[in-house]
Amino acid sequence: MINAVGLRKVYRLKDREVLALDGVDLHVRQGEIYGVVGQSGAGKSTLLRCVNLLERPTAGTVAVDGEDLTSLSGARLRAARRGIGMVHQHFALLSSRTVAANVAFPLEIAGVGRAERRRRVGELLELVGLQEKARAYPAQLSGGQKQRVGIARALASSPKVLLSDEATSALDPATTESILELLRDLNRELGLTILLITHEMDVIKRICDSAAIMEQGVFRESGKVLDLLATPGSLLARSLFPLPPADAPGVVTITYPRQFDEPLMSELTRRFDVDVNVLGGAVETVSGQSVGRLNVGIQGANRAAALAYLKDKGLLVEESTR
Amino acid sequence: MSWIHELAERWPDMWPVLWLGTLDTLYMVLWATLFTVLFGLPLGVLLVMTDRGGLTPAPAVKAVLGAIVNIGRSLPFIVLMVAVLSLTRFLTGTTLGPTAAIVPLSIGAIPFFARLVETALREVDRGVIEASHAMGARRLTIVAKVLLPEALPGLIAGLVMTIVALISYSAMAGAIGGGGLGDIAIRYGYQRFDDYYLWATVVFLVIVVQLIQSLGDVLVRRMSHR
């Protein structure tokens, strides 16, 4: 749905150049939620703005829904942008307009008639659960409500793709939860493809099908979240499940890329006569699957066989490097 | 308290003079306000649009406009009034009277108002402008439907400041026969040492300014939804 190839963005300042994107390839499939995570300054925001050409990449191409945006300008680029919704960290609502008029704004831009606008705004406000706030002004709303208006507005022109620029970063945890749920629902019910950027690992964990870790203008890692978790040495796995450092001898890190109902640890002890000592661990629901990581000390004569058994079961076993 | 008796005695003579002066002031100021908005508003919008990082960056245009505005702002009004006399004659056919005064008043207030417009428009959240671009809005649409409506409270506050400044300028217009309350204060109050006229015009001016400011404040409050 979104295909960006070889994206580079260089900002020229007075005395130096800043490389914001250094060759990024981004492929977002139809109907998935793709999260780009990274610290501020990593280039996430520039990447997102390159997708709808708010920033023109210095090199590389961006295609959305098969249309090469980088070759467009003027009226055709504006028309293409109407097919891409965007939600903003600080909501970016017009303070002079009511909630309903804010949601109607993209429809006005697209030249939709008054009656049709009114009908559509009603639908959208119902979709985000804010019908009763139609006549309120943004200043009278809570942060979560403002972001719901932002989402309704982004959906007004029935886009196939939604870009989310840190949509939950200005919200408290409970509100974040409800906004993420809303995005997940929209993704499922409307088949909406969502590209989001965030600095919160939690967002990746909760709603993303695919993810990329961004650092200094490049993707360090990208792919389906569950695949990444099953990859040895995965940065994403380490970031999603931060474990305390374990430098005791014989410690391994075990990743469960899917749910296991078997009592594996006690089986190890019985079968291989090894001592199993769980030093740290975390289990989380990721992409709807229960996934976990454990730091386990395993000692005994049959240690190698025990580890081979775990690998055989489909677990990812990594010898502790530290 | 003998001055009250004297004022009461003289009031029938003073009233028509003061009333006509008030009307002259309002006449000059309201027409000048109209022209100021007509030219100053687009000028202020252009100053913001041509700025680096504006909707249509054009540093050269911005530099020229900025220089024109600064020249207009740096001339003392009384000097500007004399400097534009030939233009005034060309436009109104005379250099005397309230109608002639509208020309220098407008020219003096346009750059003043343009700067206030610029400041008000700069206050508009950049995120909202970016969001409008992301929605596929044209630049003119952004000016008409985002920049101006979002800045409306600030624009009205700036307009009120401009009107009050125009009232103050209009007193100087008296010096070239512009008429109005300021003129009365100078001719009757200062040149004839008539304190009754002097203080009466002061009271009238205060009332006019006060009314306009209050009206403006009410409007700003009603428009502001922040």
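Me: How many helices and strands does chain A have, and what makes a run count as one?

Reply: This is a predicted model, in which local features need pLDDT of at least 70, side-chain atom pairs count only at pLDDT 80 or more, and totals for chains, interfaces and linings use all residues. Residues are numbered from 1 along each chain as its sequence is written, and chains are lettered from A and ligands numbered from 1 in the order in which they are written. Chain A has 11 helices and 14 strands. Helices (H or I, at least four residues) and strands (E, at least two) are DSSP runs, numbered from the N terminus.

Me: What is the count for chain B?

Reply: Chain B has nine helices and zero strands. Its elements, read from the N terminus, are therefore written α-α-α-α-α-α-α-α-α.

Me: Why is A:Phe91 called buried?

Reply: A residue is buried if 20 or more other C-beta atoms lie within 10 Å of its own, exposed if 12 or fewer, and partly exposed in between, with C-beta atoms placed from the backbone. A:Phe91 has 24 other C-beta atoms within 10 Å, so A:Phe91 is buried. The residue sits in the loop between strand 6 (84-87) and helix 3 (99-109) of chain A.

Me: What sets the phi of A:Phe91 apart?

Reply: Most residues other than glycine have a negative phi. For A:Phe91 phi is near 70°, a positive value in a residue other than glycine. A:Glu166 is another non-glycine residue with positive phi, near 50°. A:Glu166 belongs to the loop between strand 7 (161-165) and helix 6 (173-190) of chain A.

Me: Is A:Glu166 buried or exposed, and what is the count behind the label?

Reply: A:Glu166 has 21 C-beta neighbours inside 10 Å, so A:Glu166 counts as buried.

Me: How do you know that strand 1 and strand 4 of chain A pair?

Reply: Two strands pair if DSSP finds at least two bridges between them. Strand 1 (residues 2-12) and strand 4 (residues 59-64) of chain A have five bridges in the antiparallel sense, so they pair. In one of these bridges, A:Arg8 has A:Ala59 in strand 4 of chain A as its partner.

Me: What makes strand 2 and strand 5 of chain A edge strands?

Reply: The open sheet in chain A has four strands in the order 2-1-4-5, with antiparallel pairing. Strand 2 (17-28) and strand 5 (67-68) of chain A are the edge strands, as each pairs on one side only. Helix 1 (residues 44-51) of chain A lies across strand 1, strand 2 and strand 4, at about 120° to strand 1 of chain A. Axes here are lines fitted to C-alpha atoms, for helices over the stretch in contact, and angles run from 0 to 180 degrees between N-to-C directions.

Me: Why is B:Met28 called buried, and which residues are in contact with B:Met28?

Reply: B:Met28 has 27 other C-beta atoms within 10 Å, so the residue is buried. B:Met28 is in helix 1 (residues 2-49) of chain B. Leaving aside neighbours within four places in sequence, its contacts include B:Pro98, B:Ala101, B:Leu105 and B:Gly180. B:Ala101 is 73 residues from B:Met28 in sequence and 6.8 Å away, C-alpha to C-alpha.

Me: How many residues of chain B are in contact with chain A, and which helix supplies the largest share?

Reply: In chain B, 18 residues are in contact with 18 residues of chain A. Helix 6 of chain B supplies the largest share of the chain B side, six residues.

Definitions and conventions. Two residues are in contact if their C-beta atoms, placed from the backbone, lie within 7 Å.
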